[in-house]
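Subject: Structure for your review

Dear colleague,

Please find the sequence and the structure below. I would be grateful if you kept them open beside this message while you read the findings that follow.

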Amino acid sequence: MLQERFTQEEKAAIRENQRNSMETVLGDLPDEARPNARIVGKWLWVEFQGKPDSVVRDCLIMIGFRWNPARYAWQHSCGNGRTRKAPYDPKEKYGEVAVEA
């Protein structure tokens, strides 16, 4: 659920951004997140060592990322959404590729 601090227009934009392509998402990715970004299958994951500051978190949310507490990662489906959690570890199945700076 989107946090209450976002307006209805921002929430609509976030939902629309969740359908963006990998190229679009990578272009919008904040510099602070780029070193932590990995391509896992057709999805983009961002994993930080600790909790990123609120500006970075809000930026990730605005471009369509969702926090996955089970995998400790910010994830963007890049238009390839799923309706439920995969019964396997996507990193083991697809591997991961670092995003170039």
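A nonpolar core is a set of buried Ala, Val, Leu, Ile, Met, Phe, Trp, Tyr and Cys residues that are joined through side-chain atoms within 4.5 Å. Please bear in mind that this is a predicted model.

In soluble globular proteins, nonpolar side chains tend to be buried together. The largest nonpolar core here has 18 residues, and those touching the most other members are L29, L44, V46, L60 and F65. At least two residues of this core come from each of α2 (22–28), β2 (43–46) and α3 (54–62). To see how one member is packed, please select L60: apart from its neighbours within four places in sequence, L60 is in contact with L29, P30, A33, F48, F65 and W74.

Helix α3

Which residues of α3 are buried? They are V56, L60 and I61. Because these residues cover an arc of only 135° around the axis, they are on the same side of α3. Among the elements that cover the buried residues of α3 are α1 (8–17) and β4.

The largest pocket

The volume of the largest pocket is about 620 Å³. It is lined by 24 residues, of which W43, Q75, S77, G81 and R82 are the closest to its centre. Several elements contribute to this lining: β2, β3 (66–68), β4 (73–76) and α4 (90–94) each supply at least two residues. The element that gives the most is β3, with 3 residues. Sorted by class, the lining of the largest pocket contains 10 polar, 8 nonpolar and 6 charged residues.

Residues in the loops

Leaving out residues up to four places away in sequence, N20 touches V25, H76, C78 and G79. As for R19, its C-alpha atom is separated by 21 Å from that of P69, which is 50 residues apart from R19 along the chain.

C78, one of the residues that N20 touches, deserves a look of its own. C78 lies in the loop between β4 and α4. Its phi is positive, about 50°, although C78 is not a glycine. With a relative accessibility of 8%, C78 counts as buried.

Y72 also has a positive phi, near 55°, in a residue other than glycine. The place of Y72 is in the loop between β3 and β4. At 60% relative accessibility, Y72 counts as exposed, whereas C78 counts as buried.

Finally, D31 lies in the loop between α2 and β1 (37–40). D31 counts as exposed, with a relative accessibility of 63%. The C-alpha atoms of D31 and E16 are separated by 22 Å, and these two residues are 15 residues apart along the chain.

Yours sincerely,
A colleague

Key: Residues numbered from 1 in each chain as written. Predicted model: local features only at pLDDT ≥ 70, side-chain atom pairs only at ≥ 80, totals over all residues. Heavy atoms only, no water. Buried < 20%, exposed > 50% of the residue type's maximum accessible area, 1.4 Å probe, protein only. Helix = DSSP H or I, 4+ residues; strand = E, 2+ residues; numbered from the N terminus. Contact = heavy atoms within 4.5 Å. 1 Å grid on protein atoms, 1.4 Å probe; cavity = no way out; pocket = protein on both sides within 12 Å on 5 of 7 lines; lining within 4 Å. Points joined across faces, edges and corners; volume = space filled by probe spheres on them. Nonpolar A, V, L, I, M, F, W, Y, C, P; charged D, E, K, R; others polar. Arc of directions from axis to C-beta.
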